[in-house]
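Subject: Structure handover

Hello,

Please find the structure below. My notes on it follow.

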2 protein chains.
Amino acid sequence: MNIEKVNIAEKMSLFSDYFNPHVAGELNGQQVKLVKFQGEFIWHHHDNEDELFYVVKGSFDMHMRDKIVTINQGEFIIMPRGVEHKPIAHEEVEILLFEPASTLNTGNTENDFTVKDLKKI
Amino acid sequence: MNIEKVNIAEKMSLFSDYFNPHVAGELNGQQVKLVKFQGEFIWHHHDNEDELFYVVKGSFDMHMRDKIVTINQGEFIIMPRGVEHKPIAHEEVEILLFEPASTLNTGNTENDFTVKDLKKI
């Protein structure tokens with residue numbers, strides 16, 4: 001078993017595309033994913049997965065149907081399963097996601113943003 | 001449902017005791033725990049839980065039986081279930097843990113370090 005540490009900034013430097021989560025770790029059926037984006041994602045929810053968004057760099061607005069919460073560097077938000085949400089970043093943001101390995105980025109919807117085979121970095 | 005963001009530095013300012021994980025979030029049967037420590041923990045492993053250590057501030061040495069890995073700010077390490085480990089911090093370190101809610105801090109052992117009822121912050 002090869003147990004190595006992960007440097008998040010180093011892993012973030014390995015890709016530059018937006019809305020494309022890369023897997024940086026796995027534990028207990030969950031995955032640690034790193035993603036960058038700028039702009040507006042789509043409204044969606046996850047039927048069976050809660051999703052944690054931790055901001056590594058920058059900030060973004062998490063839109064929910066009844067409010068908007070701005071998440072800054074060093075902050076996280078947990079979106080419970082079933083809750084519709086849409087992330088929007090006015091400038092590039094770097095995010096660490098913690099969620100079940102089964103989580104599809106676009107949740108209950110499927111469209112151009114959908115990524116099924118995530119790269120491991 | 002009250003969905004709020006969590007500011008990690010703010011939560012870290014709410015406690016100062018060492019080796020006492022505080023619960024800052026829950027999702028998918030997993031918990032986000034915040035812990036501070038300085039000094040040497042005890043050798044232990046977890047029979048059924050993988051454990052992620054992410055350094056928010058400072059650094060620490062993760063001792064395994066065959067090597068030592070220094071984890072610095074912005075880095076994480078995943079300790080797979082069954083692997084013996086002992087964290088040591090020469091100066092105060094602030095860590096975020098991702099692990100199943102069932103995880104006991106001292107794993108397969110029980111001693112003065114064991115904390116069973118974690119505070120939520």
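Two strands are said to pair if DSSP finds at least two bridges between them; strands are DSSP runs (E, at least two residues), numbered from the N terminus. This is a predicted model, in which local features need pLDDT of at least 70, side-chain atom pairs count only at pLDDT 80 or more, and totals for chains, interfaces and linings use all residues. Residues are numbered from 1 along each chain as its sequence is written, chains are lettered from A and ligands numbered from 1 in the order in which they are written, and side-chain values use heavy atoms, with hydrogens and water left out.

The two chains

Chain A superposes on chain B by a rotation of 180 degrees with 0.0 Å of shift along the axis, at an RMSD of 0.0 Å (least squares on the C-alpha atoms of residues with pLDDT of at least 70 in both copies). The two copies are therefore related as by a two-fold rotation axis. Of the interface residues of chain A, 98% are also interface residues in chain B, so the copies meet through the same surface (contact means heavy atoms within 4.5 Å).

The hairpin

In chain A, β2 (residues 22-27) has 5 of its 6 residues buried (under 20% relative accessible area; exposed is over 50%, partly exposed in between; 1.4 Å probe, protein chains only). β2(A) pairs with β3(A) (residues 30-40) in the antiparallel sense over 5 bridges. Val23(A) has Lys33(A) in β3(A) as its bridge partner.

This hairpin has 2 residues between its strands. Asn28(A) lies in that loop and has a positive phi of about 55 degrees, although it is not a glycine. Asn28(A) counts as buried because its relative accessibility is 15%.

Regards

Methods:
Helix = DSSP H or I, 4+ residues; strand = E, 2+ residues; numbered from the N terminus.
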